[in-house]
Every structure is written in structure tokens, then in C-alpha cells.
Amino acid sequence: MMNQGLKWMVLLGFAGLMGWGMWGLPDRGDLDAPMNEKTTITGTPTPAAHYIEHAYKEAKTPNIVTVVLGDYRSIDTLGEVLVVFTAGLILILLLTNRRKISALDGGDS
Amino acid sequence: MKRSFESPITLLGARALAPFIMMFGLYVIFHGHYSPGGGFQGGALLAASVLLMRVASGSKTSSLILSNAVTTPMGVVGVLIYFGTGLLAMFLGGSNFLDYEGLPIPGMSPYYLRYTGILIIEVGVGLAVMAALVLIYDKMADGEVSQ
Amino acid sequence: MEMFLANYAYAFTLLILCIGLYGMFFKRNLVKKVIGLSIFQAAVIMFFVSLASKMGGTVPVKWDEIPVEMIDGYMNPLPHTLMLTAIVVGVATQGVAFGLLVNIWNRFKTLEEDALNEAILEDSRD
Amino acid sequence: MIEANLPAMFVVSYISISLLIVLAGVRFKESAQPLATFGAGVTAVLSLVGWIVVKANTEAGFPAIRYGFGGWAPPIGIEFVLDGLSAFFLMVVNGVAAVVLWHSAGNLDKHLDAHPPTFYALASLFLLGLNGMILTGDLFNLYVFLEISSLSSYALIAIGSRQAPLAAFRYLILGTVGGTLYLIGVGFMYAMTGTLNMIDMMAIIPLIAEEPAVLVALLLMIVGIGVKAALFPLYGWLPESYTQTNSISSALIAPIGTKVAAYVMIRVLLFVFGASGLNAVWPLSEVIAYLAGAGILFGSIMAILQKNLKRMLAFSSVSQIGYILMGVALMNPLAFAGALFHVLNHAIMKATLFMVSSHLERQEESVDIRDFNDSYRVKYPWTMATFTLAAISMIGLPPMAGFFSKWMLALGTIEADHWVLLGVILTSSLLNAVYFFGILEKVYLRRSGQKEASQASMNEVSWGMRLPALILALTLLCFGFFNVPLLDILQTLFPV
């Protein structure tokens with residue numbers, strides 16, 4: 001078990017580190033941030049600009065987020081569905097009440 | 001569920017609300033192409049309508065809407081719709097996994113094939129999410145062993 | 001003031017992250033730890049969504065008055081998409097966490113860390 | 001068809017198998033274990049095909065198969081990358097998993113009053129997550145697969161002794177915090193580079209490596225993955241989880257779970273940040289190497305102090321993970337090849353040892369090391385022979401495979417002029433010898449207990465359990481004899 005002082009140190013260290021890192025991030029809403037440009041520094045296309053520009057042309061769907069979710073990054077969404085499915089299976093595994101079921105099978109309900 | 005009591009007011013209120021929530025959930029799924037929304041959000045709303053009845057009336061009445069036994073198969077079907085769409089495109093269309101252009105629907109331009117593909121998988125996501133959330137609630141409700 | 005407007009969203013995110021971490025570190029009740037965890041995850045969602053914003057941009061749904069070639073007119077859709085996935089993952093994690101808690105409750109009849117430690121010590125003494 | 005979509009087939013086959021297990025499990029509960037074994041076996045064969053294809057491609061001049069999902073070219077869509085490194089890890093993970101799942105048939109009656117179909121569906125989903133983590137070329141997609149595998153491993157761990165759910169819960173809290181920290185790191189990297197694709201990002205990072213945000217992102221990712229990989233100060237969840245869980249889960253998760261996290265560490269450190277990005281501001285690779293060294297010593301010392309065989313193996317896992325991460329952090333081809341070879345060896349050794357512990361748990365109801373005596377030699381001749389092979393490899397004596405990976409690691413430390421770490425490796429080998437020879441001596445050598453041995457009669461587990469363990473142990477011997485060609489290939493996998 002970690003003692004209290006160590007926990008505070010970890011917490012403050014985390015806050016300081018994150019604060020320092022966040023200070024170096026591009027400003028919120030900055031139009032010149034790398035993620036809002038059309039290409040990255042090395043000249044490869046950034047996904048976000050491609051999505052905004054081509055989503056409607058390529059899938060005839062106005063909602064860009066839906067296209068990204070369902071088409072461009074569809075394996076992510078498949079993973080997401082599998083996560084939910086896994087959670088359901090886990091709850092079956094952990095909490096199916098065997099005692100209650102065997103009581104029902106025995107007939108005294 | 002330590003103690004259950006029946007109140008006609010909560011029951012009536014829940015019964016009045018549940019169909020509208022379900023309707024709204026379906027709207028959110030099927031209108032996800034044009035406005036914020038989509039499979040997950042709609043599935044969560046569908047689950048909310050079922051769970052509202054579960055909370056208000058106990059599982060006996062509400063299992064008429066969605067019985068405990070169907071949630072697992074429904075989740076499997078939801079995943080299967082999504083996964084099957086991808087597989088169909090891969091095996092019949094000869095394209096990559098989940099490339100909706102390969103879907104075997106005749107007479108559709110690639111753009112509308114994508115449009116349709118997204119719609120199909122959103123329905124799958126909605127079903128799977130609804131089933132899983134209801135399943136989680138059900139298991140949580142009857143999983144506790146009292147002395 | 002300029003600085004604050006540019007970074008206040010990050011500062012609030014950091015605050016919420018620390019609150020979540022505090023909950024997980026210092027609360028002795030397991031349910032409160034899960035609450036801390038969910039606060040921590042919510043902070044990440046806020047962080048990503050604030051990354052997505054653009055000055056003068058609108059929601060990423062195609063609108064006839066802003067041509068799609070003007071990419072600065074729409075907010076960045078990618079973080080939004082990522083967060084939809086992350087929210088689902090968070091929900092699933094919390095479902096599993098509460099499932100485990102019900103399981104622990106069934107076995108130990110307590111969710112207090114100290115009482116659990118005592119119970120474990122007693123187990124190992126037998 | 002299958003060849004063109006080879007990288008996707010791993011995920012596809014595991015999803016189909018887990019859905020099939022759930023559906024078939026409604027009527028036929030016994031079908032779950034054969035189906036899961038079949039699924040892992042098919043994927044193991046696929047990964048062998050993948051290894052051969054990648055090898056042929058490398059000779060033809062293009063080392064990586066890049067597979068874009070949905071037909072989108074990589075920076076736009078998500079890609080799976082099948083190169084030498086991922087093919088190697090796929091073979092290790094799927095091969096070991098197939099044998100472990102085969103072996104689990106004999107243990108089913110003892111454990112799992114819970115539903116076998118659900119259990120095996122979750123095991124398949126766990127493997128699906130690991131395969132996805134190995135193959136993916138996208139940082140966020142990695143997070144999704146990480147969460148699939150973590151969630152299912154929490155559940156698999158929670159089936160076990162009375163304290164198992166508590167151990168799983170603590171793992172869940174730590175693991176989710178780790179995953180979330182990794183996610184924040186991904187967010188930082190996305191904000192700084194504008195892309196999520198690993199190969200794109202690798203080209204950008206040298207240009208911006210000195211930004212504080214990139215450094216913080218790197219630290220967050222190391223900590224996040226370090227939790228999963230049980231890097232030294234973050235190992236807290238591991239011993240309890242592996243000790244309290246049932247013997248099927250421990251044999252499945254212990255060998256491959258942490259290995260895949262180590263693989264992610266390799267990907268992120270060497271293939272995304274690269275040596276220049278990693279050491280741009282602070283010499284982080286040395287920090288990781290020394291932390292891993294501390295983990296090696298700590299794990300070995302704690303393992304000596306344990307009285308429970310499973311807990312001893314768990315602490316030895318902490319120490320062996322240290323070898324792998326140290327080899328990665330030393331940043332030279334020799335140590336890298338040693339680390340990869342150690343991944344293979346340790347996966348096989350840990351699977352064997354946990355199988356042996358499950359045999360003993362099954363027949364003796366306890367895995368307390370103090371109860372070991374020379375009657376075991378008579379009661380479990382095959383199990384003990386298997387144990388001996390794995391233990392010798394664990395200590396690192398030739399001709400077992402464990403020797404050669406440690407030898408390469410030692411050469412790597414010399415190459416990098418880290419004499420302290422060389423000392424750590426040698427010391428830890430001695431400590432390993434202490435805890436394994438302690439057991440071997442109790443079983444094979446002690447004279448005073450001869451009476452017990454003469455009274456005992458053969459009480460071995462079924463062949464269905466003996467055989468997989470024995471095969472794995474003999475594989476170690478094979479890899480020991482044929483280490484040269486494999487090590488040559490593994491050295492070429494080091495990124496230049």
C-alpha cells in the first residue's frame with residue numbers, strides 16, 4: 001500500500017507534468033494547429049481535413065462524424081461494438097445467479 | 001431489489017414515456033446520417049426505454065417488452081449484422097474487410113452503397129448496445145445474493 | 001486574458017483529471033473509486049472535445065451555406081468520433097467494474113477497503 | 001481471397017469463433033472448449049502463413065503488408081501492418097494460446113462452475129484484442145483493442161478463489177487508469193502532429209521531438225503501457241491477479257498478456273518515437289532500462305520469498321518482463337533479438353509452469369511449496385519432468401532456449417556499455433537458480449523423505465493435460481538447439 005505522502009506526490013507530479021505539457025499544446029480553436037492543416041509537416045494528408053472535404057462526396061451523408069465512425073474508421077467502431085458485447089458477456093459470466101437457477105430447476109420457486 | 005412496491009403513478013408515467021423514448025431512439029438511429037446521432041446514442045435511448053419500464057414495474061411486466069432471455073441473442077445479432085456486412089463485402093465484393101463498395105446490392109452507385117452500408121451497421125450497433133445495456137442492468141439486478 | 005481564453009479548457013480538464021485521480025487514491029470505498037475512475041475518463045473526453053474546436057467553426061454536419069472545401073468552417077470531426085468510441089469503452093468498463101463490485105459484495109458483504117483487507121488477512125490466517 | 005486479406009483474417013476468425021461459441025453454447029455447452037481451441041489453432045496456422053509471406057516479401061524488398069480497412073489508404077483510414085515483428089508476435093501469442101486452450105479441457109470439471117461457453121467466448125475475445133493490438137497501425141485503434149483484451153482479462157481473472165474478484169477489481173482500476181493515460185498521450189500526439197497513423201507519425205516526430213507536449217505524451221504512453229506490461233514500479237496488480245485466478249486463466253493470461261503489452265512498448269518506443277525521439281530531451285531509454293533492471297532484481301527476490309507456487313511464478317513474471325523491456329530499452333540489435341527471443345521463451349516457459357501448477361493444484365488441492373517432497377517424483381513423473389525442463393530454461397542453462405536469450409541480452413548490455421545491467425542479469429540468473437533449484441531439490445534429491453516416495457503411487461493427470469505441457473517444454477529444447485537461424489532473423493527486425 002502506498003502511503004499518503006507518496007500519493008500526494010504522485011498526484012501533484014501528475015498535475016505539474018500535465019500542466020507543463022498542456023501549456024505546449026496548440027491553443028484551443030487555433031486554426032493553424034497541425035491537426036487543422038490540410039497536410040502534416042511532412043506533407044502527408046491529415047485525416048481530419050480529408051474527412052471534412054470528402055465525406056459528403058464519398059458517402060452522400062451530411063453528418064461527417066457518422067461517415068468517419070461508420071466508414072473511414074469502421075474497424076474502430078467494430079471494436080467498440082465488441083467492447084459492449086464483451087461487457088455483456090462479462091456480466092453474464094460474473095453475475096449469473098447459479099443458486100437461484102438451481103433452485104428454480106429444483107422446482108421450489 | 002430489497003423491497004418492491006407498486007405505485008400506479010410511476011407505472012403510468014413510465015408506460016406513457018417509454019414508447020416515446022423508444023420512438024426517439026429509433027429516430028436517432030435512422031436520422032444519424034443527417035443530424036447528430038447514430039447507432040450508439042440511439043441504442044442507449046432504446047435501452048433507456050426498456051430500463052425505465054424495468055425500474056418502474058419490476059422485471060415481470062417489463063420482460064413483456066424485452067425478455068431477459070433474448071438480450072444475449074440480440075447482442076450477438078447486433079454484432080453479427082455489423083460483422084456480416086464487412087464479411088459480405090470482403091467475400092462477395094472482393095474488396096477489403098468493411099469496404100461497403102463491395103456490398104452485393106445491384107444497381108447502386110458506390111456512394112449510395114457506402115450510405116447504405118453505414119445505415120446497416122448503425123442498426124447493428126444500435127441493437128448490440130441496447131441488448132448489452134439491458135443485459136448489464138438485468139444481471140446487476142439479480143446478481144446480488146442475499147443471505 | 002488572451003492566455004486564459006486560449007487555455008482555460010485545458011486547465012479545467014486538468015482540474016477534473018486531478019479530482020478523479022484524487023478520488024481513486026484517497027477514497028477508501030470501492031464504489032467511490034469507480035466514481036473517481038469515471039470522472040477521470042470524463043475529463044479525457046472533455047480534453048479531446050476541446051481539442052476539436054476551431055474558432056468560428058460549426059458542428060461537423062454539412063451545411064449548404066459553408067462549402068466543404070472551406071475546412072476551417074467545420075470543427076474537426078476526428079476527436080468527436082474518437083470520443084464516441086471512448087465513451088462506449090468507458091460505459092463498458094464501468095459496467096464491468098460494478099459487476100465485479102456486486103461479486104465482491106456477495107463474497108465479503110462489504111465494499112470498504114479496510115474491512116476487505118481485514119477479511120483477507122483472516123482468510124490467510126486460517 | 002484469404003491471402004489478399006491476410007491481416008484482417010486474424011480478427012475475422014476470432015470474432016466468428018467467439019460469436020459461434022456464444023450461439024452454440026445455448027444448446028451445446030461442451031462445444032465451447034473445442035471451438036475456442038480450433039479458433040486459436042486456425043489463427044496460429046494463419047500466423048505461420050503470415051510469417052512465411054512476410055519473409056518472402058522481405059526478400060523481395062517490401063517488408064510490411066499494409067492493409068487498409070474499408071479500402072481507405074492508410075493516413076485516412078485505419079491500417080493493419082503485418083511485418084516481421086508483428087508476424088513473430090502473432091505466432092507466439094496464437095501458438096501458445098492454442099496449446100493452453102487445448103490443455104484447459106482437462107481442467108474444465110475442476111473450475112468454472114460458471115458457464116464454459118461465456119468463459120471461452122471471453123477467452124477468444126481476449127485473444128482477439130491481443131491480435132488487434134499486435135496488428136494495428138493506428139494509435140487510437142490500439143486503445144480500442146487494448147480495452148477489449150483488458151476487459152475480458154478482468155473477467156477471466158475474476159473467476160477463481162474468494163479474493164479473485166477483488167484482485168480483478170484492483171487490476172481494473174489500475175489498468176483503466178493506464179489505458180486512460182495512454183489515451184491522453186494519444187490526444188497530445190494527435191494535437192501536435194495531426195495524424196494518428198504510426199508510420200506517418202514516425203516521420204514527423206524527429207522534427208518536433210523537443211516540444212514539451214511531445215515529451216509529456218511520451219511519458220504518459222510509457223506509464224500507461226507500463227501498467228499493462230508490469231514495468232517495475234507499476235507491477236502492483238500482477239501477483240495477486242495471477243495467484244487468485246483459476247488455473248485456466250492464469251495459464252492463458254500470464255504467458256501472453258504482458259508480452260503483448262511489451263510489444264506495444266516496442267511499437268511505441270522504437271517504431272513511433274524511434275531512438276531519436278525517445279532520447280531527445282531526457283535519456284528515457286536508460287531510465288526504462290534501469291527500471292527494468294530494478295524490476296528483474298525485485299521480482300527475483302520476491303519470488304524467493306514466496307511460499308505459494310503460483311505467486312512465485314507471478315513474481316518471476318515481473319522479473320522476466322524486466323528482461324524483455326531491458327532488451328528493448330538497450331537499443332541495439334543484439335539486445336533486441338535477445339528480448340524478442342526471450343518473449344518466445346518466456347511465453348512458453350510460463351505457460352508450461354502454470355500448466356504444471358494447475359496439475360498440482362488439481363491433484364493436491366494446494367500449490368504450497370513447503371508441501372513439495374520427493375513423493376512428487378513418484379506421483380507425477382511426467383509433470384515433474386516437464387517442470388524440470390521449464391525450470392532449467394528459466395534459470396538459463398544451456399542447451400535450453402532460456403540460456404540463449406539471456407546470452408544475447410548479456411551481449412547487448414556489453415555492447416551498450418551498461419556493466420551494471422550485465423551484473424543484474426547474472427545476479428538474477430543466480431536468484432532464479434535459488435528458487436527453482438529449491439523446488440527441484442525437494443522433489444528429486446532429499447534423502448530423508450525416501451519413505452514418502454516409497455509409499456506414494458502414480459497419481460498423474462490425464463494424457464490430455466500431460467501432453468500439451470510436455471510438448472511446450474520440448475519446444476523449448478528445440479528452440480535451444482535451433483537458436484542460431486531464429487536469432488539471425490530476429491536481429492534483422494531491429495529498426496535502423
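This is a predicted model: local features need pLDDT of at least 70, side-chain atom pairs count only at pLDDT 80 or more; totals for chains, interfaces and linings use all residues.
Student: Got it. Which residues of helix 7 of chain D are buried?
Tutor: Helix 7 of chain D buries M198(D), D200(D), M201(D), I204(D) and I205(D).

Student: And where do those buried residues sit around the axis of helix 7 of chain D?
Tutor: Looking down the axis of helix 7 of chain D, they fall within an arc of 135°, so they line one face of the helix.

Student: Nice. What do the buried residues of helix 7 of chain D pack against?
Tutor: Their packing partners are helix 5, helix 6, helix 8 and helix 10 (247-278), which also belong to chain D.

Student: Switching to the contacts between chains, how many residues of chain D are in contact with chain A?
Tutor: There are 45 residues of chain D in contact with 38 residues of chain A.

Student: Which elements give two or more residues to that side of chain D?
Tutor: Helix 4 (116-135), helix 5 (139-158), helix 6 (164-193), helix 7 (198-208) and helix 8 (212-229) of chain D do. Helix 5 of chain D gives the most, with ten residues.

Student: OK, on to the largest nonpolar core. Which residues touch the most other members?
Tutor: Those are L122(D), M265(D) and L325(D), in a core of 312 residues. Domain 1 (1-28) and domain 2 (29-106) of chain A both give residues to this core, so it lies between them.

Student: Tell me about L325(D). What is it in contact with, leaving aside neighbours within four places in sequence?
Tutor: L325(D) is in contact with A229(D), L231(D), A262(D), M265(D), I288(D) and A292(D). One of these, M265(D), is also among the residues that touch the most other core members.

Student: Last topic, chain B. How many helices and strands does it have?
Tutor: Chain B has four helices and zero strands, and its pattern along the sequence reads α-α-α-α.

Student: Is chain B spread out or compact?
Tutor: Spread out: the radius of gyration of chain B is 19 Å, well over the 15 Å that the globule rule gives for 147 residues, so chain B is more spread out than a compact globule. Its C-alpha trace spans about 60 × 35 × 20 Å along the principal axes.

Student: And what share of chain B is buried?
Tutor: Buried residues make up 48% of its 147 residues. As for contacts in chain B between residues at least 6 apart in sequence, 60% join residues at least 24 apart.

Conventions. Residues are numbered from 1 along each chain as its sequence is written. Chains are lettered from A and ligands numbered from 1 in the order in which they are written. A nonpolar core is a set of buried Ala, Val, Leu, Ile, Met, Phe, Trp, Tyr and Cys residues joined through C-beta atoms within 7 Å. A residue is buried if 20 or more other C-beta atoms lie within 10 Å of its own, exposed if 12 or fewer, and partly exposed in between; C-beta atoms are placed from the backbone. Domain bounds come from an automatic or database domain assignment. Two residues are in contact if their C-beta atoms, placed from the backbone, lie within 7 Å. The radius of gyration is taken over C-alpha atoms; the globule rule is 2.2 Å times the number of residues to the power 0.38. The arc is that of the directions from the helix axis to the C-beta atoms.
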